[in-house]
Amino acid sequence: MAAQPETKSSTRLEKWSLSDVLAFEVAIARDADQPWDQLEKRDREIGEKAAKNGVNGSSNRALLRYWLDCVKKPSAEEDIPPHELFLEAYHLATKLITIVAIILGGSVALEFLRYQGVEPVNVSAFFGLFILLQIFFGLTTFGLFLLPTSNAKQLKFSAGFQLLRPLLLGTAKMLANFSARSLSGAKRQSVLSLAGSIRSSFSLYGLLLRWKLFGSLQVIAIAFNVGALAVMLMVVSFSDRAFGWQTTLDVSAESIHLLIQLVALPWTWLWSEGVGYPSLVDIEGSRIVLKEGIRGLSSSHLVSWWPFLTLGLVVYGLLPRLLFLIWARLKQNKALAMLDFRHASAQRIVERMKFDPIKFETQSHDEGGVERKGAPARTSDETSPVSPSSSASVFISETIWQHKEKDELKTLISSILNIPDEQLKLDQLTLDRIAEPDRIDIENTPEETTFCFVFESWMPPLEETKQLLRKVRKESGSTKMIRILLAGKPAANGAFQNPSSSDLDIWSLTISQLGDPYCQVDPLSE
Amino acid sequence: MADIPTFAIIGHPNEGKSSVVATLAEDESVRISPVPGETTRLARFDLKAGNASIIEFVDTPGFQNPAKTLAWFKQNANAEDNIAQAFIQQHSSLSDYRHDCELMKPVASGAGILYVVDGSRPITSSDQAEMEILRLTGKPRMAIINCKSDETLYLDAWKAAFRKSFNAIRVFDACGATFSERIGLLDALKSVDQDWNPSLQKAIDLLQKDWARRGKRAVETIIDSLEQGLRFSKSKLVARESDLELAKPELERAYREGLEKIERRAWNEIQRQYRHQALKISIPDSSILNENLFSDRTWQAFGLTGKQLALAAGAAGAGIGVGLDVAAGGIAFGVFTAAGAAFGAGAALLKGKDLAKLKIKQIPVGGFKLQLGPNQNPQFPFILLDRVILYAKICSNWAHARQNRDLSISDENLKEGSSSRWDAKQRALCSKVFQAIRKERNDQLETLYPEFKEVLSSELERNPDH
């Protein structure tokens with residue numbers, strides 16, 4: 001029995017955290033092994049309670065958030081739910097890396113600030129590592145994470161990618177050969193399915209993960225800078241350090257001064273020359289010529305560098321990372337707010353919650369009468385859930401098309417998609433159309449129309465079936481629901497039997513390899 | 001390699017192509033899976049007679065693009081001499097067509113086509129596309145209907161569809177096919193293309209000779225195991241008389257293990273002769289062969305009835321006296337279980353398993369020698385014989401594609417062994433052979449063995465009951 005969460009307003013329920021999203025995926029994974037009738041009963045109860053509590057049924061976000069609160073309560077023997085365990089492990093790892101980063105930043109800074117009275121601290125090396133390199137990393141991060149996706153996609157067509165292409169293709173071929181030799185077919189399919197599931201998760205939550213990862217990287221970078229900064233301040237506060245610059249190249253002090261002025265621009269309004277950065281005289285006076293040593297150099301020149309280096313560290317190391325971190329948090333929240341939970345597995349839950357029971361047919365046609373789990377088997381007396389679409393374009397394989405009267409098919413499909421008969425456009429999926437998917441007019445199909453394909457469950461999906469589905473996905477947009485209905489073998493009386501669970505499993509496995517979270521497989525039985 | 005007939009096994013994914021190949025080529029290394037996509041590239045398997053390859057079977061991946069492939073074949077039907085080769089050339093660089101190109105390779109090389117379908121499912125437009133593709137290749141072809149379940153509703157539709165574009169049709173259960181059914185299939189291949197007639201007939205002749213040779217070897221193995229089992233005894237030296245009782249259980253165990261070893265060795269040898277080398281024969285848990293040689297169930301299921309046994313012994317000239325002699329002459333003790341105790345005295349002599357002789361002999365230099373066996377129970381050799389015959393029958397008819405099938409013998413049908421169904425003359429012959437083995441009368445055995453071998457050979461030729 002599902003626990004009832006405290007009454008919450010729909011507005012509050014609209015809010016999802018990363019932990020909620022993880023908990024949601026864990027709950028879905030758990031449900032995959034549960035019998036459909038149990039899930040249906042549980043979710044229907046939750047749906048009724050949600051309605052009583054005034055949870056807005058038109059929003060999947062609020063409804064599913066309510067559902068999650070009901071189902072995510074851990075069982076008695078389970079102390080910490082898996083999603084919290086994962087998050088805790090993630091945060092612990094981030095904390096550990098942060099501590100390491102602080103120590104690393106401090107250690108590196110200490111090494112660079114080492115001074116034993118013989119040779120002053122090399123400003124060039126410190127500047128190169130802590131300022132120039134950080135500027136480089138900051139720009140790279142900006143390029144990788146903050147540029148629009150289309151630019152990132154353009155990388156695929158860059159010269160570098162083209163050069164690597166043969167290598168990548170060769171590796172892929174080698175892996176394919178290896179898997180064909182060493183893995184059984186079932187294992188190969190499972191690996192592909194796993195890869196598909198990962199792709200599917202990324203297409204749903206990729207943006208969220210991206211900003212979470214980006215934020216964590218910024219925390220680590222901040223820690224590094226804090227470590228370095230702390231050491232810098234301690235060193236200059238509690239010990240006498242001389243800073244100097246040197247070069248083998250023929251570089252004048254004027255050039256260095258110009259460069260320093262440019263670098264110090266962000267803080268010159270507050271700390272001007274001589275305070276925030278060394279003056280030309282200081283620069284000339286802190287040049288180290290090895291054969292002359294530092295005895296002849298003035299102490300005031302030699303100490304003039306540290307404010308510049310410290311401020312450089314703050315402005316080019318710490319500050320951008322802080323800004324990036326704020327940006328990451330904002331983006332993460334935005335990504336969370338953008339989740340509409342209208343993908344196939346979420347939609348299934350909503351269907352179970354909102355509508356009359358769907359009877360579970362335990363007498364499967366399968367050899368062993370195996371009970372179908374985690375996905376529905378429907379009977380003719382079911383009342384189907386409301387579909388988010390108002391019309392559907394249905395393509396029916398030739399065999400099924402020829403097996404039944406069109407009106408009968410329409411009624412049957414209408415009851416499953418819960419779209420009125422008159423809103424269904426039935427068409428035959430001929431071999432010609434499979435051979436040339438361009439014959440299917442996808443672009444001119446209205447936005448609210450669902451694509452539905454009816455196949456024979458006993459025929460395992462082929463490469464050309466997958467190509468067809470990929471094409472429909474590509475042309476119809478990434479979030480349009482594609483429904484696949486699988487008919488069981490026709491019985492002697494002409495009625496479609498329930499597809500066997502092994503056939504459904506094979507289809508689910510293959511479709512999961514597409515990595516398409518908006519593609520839903522259901523049985524079509526009478 | 002000599003020029004031998006080559007057949008490509010082609011079809012939709014997950015129709016049982018690999019199972020057909022495994023059974024026809026007698027090769028259990030063929031990878032079979034209930035999940036489609038197990039076979040991703042060509043695999044060649046030779047059917048051998050002795051060491052000579054006589055037919056080559058090529059296992060292929062399933063069609064992945066029948067609609068697109070058919071469209072291409074239709075466009076190029078008249079333009080190409082070897083359309084399969086042209087298809088490969090044009091599509092080999094496309095990863096989506098990898099499987100379709102693979103399956104076309106043997107066709108392009110001139111192999112005959114064996115198109116496999118699962119007849120327990122309805123025919124679809126993809127199947128029709130595949131049939132049409134194969135017709136357009138212009139190669140000789142035969143359709144094999146391999147029903148993966150007992151459903152027969154769609155069988156007629158399949159046959160009707162095949163009649164339009166195939167030279168021959170054959171229903172073939174890849175997982176249950178016997179040798180004669182395999183020969184039947186090969187024989188049917190002759191009708192696909194007359195050019196193959198001589199080489200296929202030669203292959204069939206070789207195969208039948210090879211099969212007869214395997215049967216002969218199996219019979220020899222059976223006789224060998226009988227000789228070893230009936231003459232087997234185990235002895236142990238004991239220093240003091242007080243240790244005699246302690247030594248008996250150990251001797252019993254060693255005796256039983258010895259007999260089981262002899263039996264297992266014979267089984268393994270028979271398995272090897274029928275090319276089931278990877279121990280793929282899995283006797284189900286419920287099978288009688290999993291029972292211990294001396295279990296009650298074994299002794300109920302195998303051997304002769306009391307009446308049959310008395311008659312056989314009488315006809316062999318020993319009569320019931322064999323049992324009486326055994327009981328009175330040796331020091332009998334419960335070697336195994338006391339199952340016989342439930343029967344009357346006469347029945348116990350005939351049916352009981354507690355009649356192995358234990359001889360205790362005092363050794364002049366000191367100590368005692370205990371000897372258990374040979375087993376003198378008249379039922380025992382029939383039990384041994386029935387078990388090894390049943391195993392040989394399973395091996396000879398075990399399709400190489402078979403994963404697991406129930407071989408159990410119902411408990412209600414006692415005496416399921418072969419010997420109880422033989423006629424009185426054959427049973428009497430057996431009794432004589434057993435007696436001669438026990439008494440090591442080799443001259444008598446030489447006379448008896450030819451006829452005994454005939455009996456065993458014809459028994460092995462009979463279809464298995466289980």
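Predicted model: local features only at pLDDT ≥ 70, side-chain atom pairs only at ≥ 80, totals over all residues.
**Nonpolar cores.** A nonpolar core here is a set of buried Ala, Val, Leu, Ile, Met, Phe, Trp, Tyr and Cys residues joined through C-beta atoms within 7 Å. Buried means 20 or more other C-beta atoms within 10 Å of a residue's own, with C-beta atoms placed from the backbone. The core has 149 residues; A:Ile413, A:Val454, B:Ile9, B:Phe57, B:Leu114, B:Tyr115 and B:Ile222 touch the most other members. Helix α14 (residues 380-397) of chain B gives the most, twelve residues. A second, separate core has 33 residues, including A:Leu113 and A:Trp306.

**B:Phe57.** I listed its contacts (C-beta atoms, placed from the backbone, within 7 Å). Leaving out residues up to four places away in sequence, B:Phe57 touches B:Phe7, B:Ile9, B:Val21, B:Leu24, B:Ala25, B:Phe45 and B:Leu47.

**Helix pair in chain A.** A:Asp43, A:Ile46 and A:Ala50 in α3(A) meet A:Leu63, A:Tyr66, A:Trp67 and A:Cys70 in α4(A).

**Chain contact.** I found 26 residues from chain B and 26 residues from chain A in it. On the side of chain B, α2(B) gives the largest share, four residues.

**Conventions.** I number residues from 1 along each chain as its sequence is written, and letter chains from A in the order in which they are written. Local features need pLDDT of at least 70 and side-chain atom pairs 80 or more, while totals for chains, interfaces and linings use all residues.

Terms used
Contact = placed C-beta atoms within 7 Å. Helix = DSSP H or I, 4+ residues; strand = E, 2+ residues; numbered from the N terminus. Buried ≥ 20, exposed ≤ 12 C-beta atoms within 10 Å, placed from the backbone.
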